[in-house]
Amino acid sequence: MYSKIRKFNSDVHLFQFKPSNDLQCVLVNAGQNAKVPLSKLDNQRMLDNGYRVKAKINASFFNQDVIGWNFIDYDYILSEGQQDGVYDLFFKDNELIIDDVSKEKFETEYKSKAQWGMSLSYTLIQNGKINLAGSNKYSHSAATNPRTMIGQKADGTIVLAVVDGRTISNQGVKAQEQAEIMLELGCVNAANCDGEGNSEMIVDGWIKNNPSDGKERAVPNGIVVYEKIKTQTSVYSEPK
């Protein structure tokens, strides 16, 4: 579940889980052209079906205008933009898939088939090897910054990671260092989410990292892990 490690003079906050009926991850959006603090993001459908929030991280771009594919619940698309240097992350059959898709490929392979998907900036790990595809399009990738990452291990475990930065005790990491962290954690695929002041992790209702602004920023979306609420069956016996 939650843990914290120290890498590259920075705290790295981790939440690891295997998707199942009891633990599901969902992309939650604030709404068309809207932003709210991560703590306020929720999915009413999940709550109505007996789940509660276990963990959250910020997800896609701060400026929603540059999002390519961003959809939830299999086929609800918020935007259909295309931008050079943008990679796509899909969650399909409990697997994180990093792809660079055309509209045609999206329609045939992911729409109505993937549970959710979003566009991100650059990749970190692909097929078990470091691959920083797209990082050259973003000057901040070569600088030390707070970061948010998502990846998956060969056994299906999903790794959510947030790195503190821009403080005296936490310098933040570069893209290469992001990839090294995720590779060391055992990820076979991983990608960079939005970072800097947006980087945030919440577990059991508590903000675990130290947002570089000193407070939450409003974000357009987040990845939320939902835990199935266990119902207790009481055993009644007649009084003697």
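Which residue takes a positive phi in the hairpin of β13 and β14? G156 does, with a phi near 95°. Four residues lie between the two strands of that hairpin.

This is a predicted model, in which local features need pLDDT of at least 70, side-chain atom pairs count only at pLDDT 80 or more, and totals for chains, interfaces and linings use all residues. Residues are numbered from 1 along each chain as its sequence is written, and side-chain values use heavy atoms, with hydrogens and water left out.

Strands of a sheet pair through backbone hydrogen bonds, either parallel or antiparallel. Here, strands are DSSP runs of E with at least two residues, and helices are runs of H or I with at least four, numbered from the N terminus. Two strands pair if DSSP finds at least two bridges between them.

Seven strands form an open sheet in the order β1-β2-β14-β13-β15-β11-β12, with antiparallel pairing. The edges are β1 (2–7) and β12 (129–130); each has a single partner strand, so one side of each is left without a neighbour in the sheet.

Look at β13 (147–153). Six bridges join β13 to β14, and five join β13 to β15. M149 has A161 as its bridge partner in β14 and stands opposite N192 in β15. Further along, β11 (residues 123–126) and β15 (residues 187–192) pair over two bridges. There, I125 has A190 as its bridge partner.

Helix α3 (residues 175–184) lies across the strands of this sheet, among them β13, to which it runs at about 35°. Axes are lines fitted to C-alpha atoms, for helices over the stretch in contact (heavy atoms within 4.5 Å). Angles run from 0 to 180 degrees between N-to-C directions.

**The five-stranded sheet**

Five strands form another open sheet, in the order β3-β19-β5-β16-β17, again with antiparallel pairing. Its edge strands are β3 (23–29) and β17 (206–207); each has a single partner strand, so one side of each is left without a neighbour in the sheet. β3 pairs with β19 (residues 221–228) over seven bridges. V26 has V224 as its bridge partner in β19.

**The cores**

A nonpolar core is a set of buried Ala, Val, Leu, Ile, Met, Phe, Trp, Tyr and Cys residues joined through side-chain atoms within 4.5 Å. The largest has 25 residues, and W116, L160 and I223 have the most contacts inside it. Beyond its neighbours within four places in sequence, L160 is in contact with residues including F15, F17, M149 and V225. Apart from this core lies another, of 19 residues, among them F61, L124, V173 and C187.

**Aromatic rings**

The whole structure holds four aromatic pairs. Rings of Phe, Tyr and Trp (its six-membered ring) pair if their centres lie within 6.5 Å; planes under 30 degrees apart count as stacked, over 60 as edge-to-face and the rest as tilted. Two pairs are shown here.

| Pair | Centres | Planes | Type |
|---|---|---|---|
| F15 and F17 | 5.9 Å apart | at 45° | tilted |
| F90 and Y110 | 3.8 Å apart | at 5° | stacked |

F15 is buried, with a relative accessible area of 1%. F17 is buried too, at 4%. F90 and Y110 are both buried. F90 lies in strand β8 (residues 87–92) and Y110 in helix α2 (residues 103–110), so the pair ties together parts that are 20 residues apart in sequence.

Notes: Buried means under 20% relative accessible area, exposed over 50%, partly exposed in between (1.4 Å probe, protein chains only).
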